[in-house]
Amino acid sequence: MKTLFQHSLIMILALLAVSAQAEQQQRFGDYEVHYSVVNSTFITPEVAAAYQITRGKKRAFVNISIRKLLKDGSDTAKRALVNGKTSDMIHSIPLNFKEIIEQGAIYYIAEFDFNDKDTRRFDIQIQPDPNIEPYTLTFSQKIYVEL
């Protein structure tokens with residue numbers, strides 16, 4: 001039986017594979033926000049179960065991670081308040097993010113349903129510091145049903 005660490009490693013590798021295809025990030029001041037949209041069938045049933053992600057041909061999740069850029073040139077994972085919504089041309093739905101904290105990594109995942117060849121718009125508010133206004137990350141992505 002796989003340990004939670006092995007599940008975590010598998011999840012991180014899956015997310016790295018997706019981000020290697022197209023680096024998606026945006027910088028806000030001293031923070032770098034990395035994001036990706038992943039079809040839920042991309043991850044194994046074991047990883048989905050470990051992270052309580054519902055797999056399905058028309059299910060996906062958005063993954064957000066925040067890195068604080070330090071003065072010495074390094075960076076560190078940063079917790080934040082994350083909320084937002086996704087929409088197509090007709091419907092808008094709220095995204096319910098869950099925080100996942102692992103050794104050296106913090107990320108926020110929200111699941112949603114989609115239709116094949118759906119272009120989804122994402123409007124996500126990220127507040128890594130309660131003393132500043134939230135940053136707004138806006139992007140669109142076309143999503144396909146995995147065959």
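**Sheet and aromatic pairs**

Me: What is the strand order of the open sheet, and what is the pairing sense?
Reply: The open sheet has four strands in the order 6-5-9-10, with antiparallel pairing. Strands are DSSP runs of E of at least two residues, numbered from the N terminus, and two of them pair if DSSP finds at least two bridges between them.

Me: Which strands are at the edges?
Reply: Strand 6 (92–95) and strand 10 (135–143) are the edge strands, and each pairs on one side only.

Me: What kind of model is this?
Reply: The model is predicted, with local features needing pLDDT of at least 70 and side-chain atom pairs counting only at pLDDT 80 or more, while totals for chains, interfaces and linings use all residues. Residues are numbered from 1 along each chain as its sequence is written, and side-chain values use heavy atoms, with hydrogens and water left out.

Me: How many bridges join strands 5 and 9?
Reply: Strand 5 (residues 81–87) and strand 9 (residues 118–127) pair over seven bridges in the antiparallel sense. Valine 82 stands opposite isoleucine 126 in strand 9.

Me: Changing topic, how many aromatic pairs are found?
Reply: The whole structure holds five aromatic pairs, that is, rings of Phe, Tyr or Trp (its six-membered ring) with centres within 6.5 Å; planes under 30 degrees apart count as stacked, over 60 as edge-to-face and the rest as tilted.

Me: Why is the pair of phenylalanine 112 and phenylalanine 122 edge-to-face?
Reply: Because their ring planes stand at 65 degrees, with the centres 5.5 Å apart.

Me: Are these two buried or exposed?
Reply: Both phenylalanine 112 and phenylalanine 122 are buried (under 20% relative accessible area with a 1.4 Å probe, protein chains only; exposed is over 50%, partly exposed in between).
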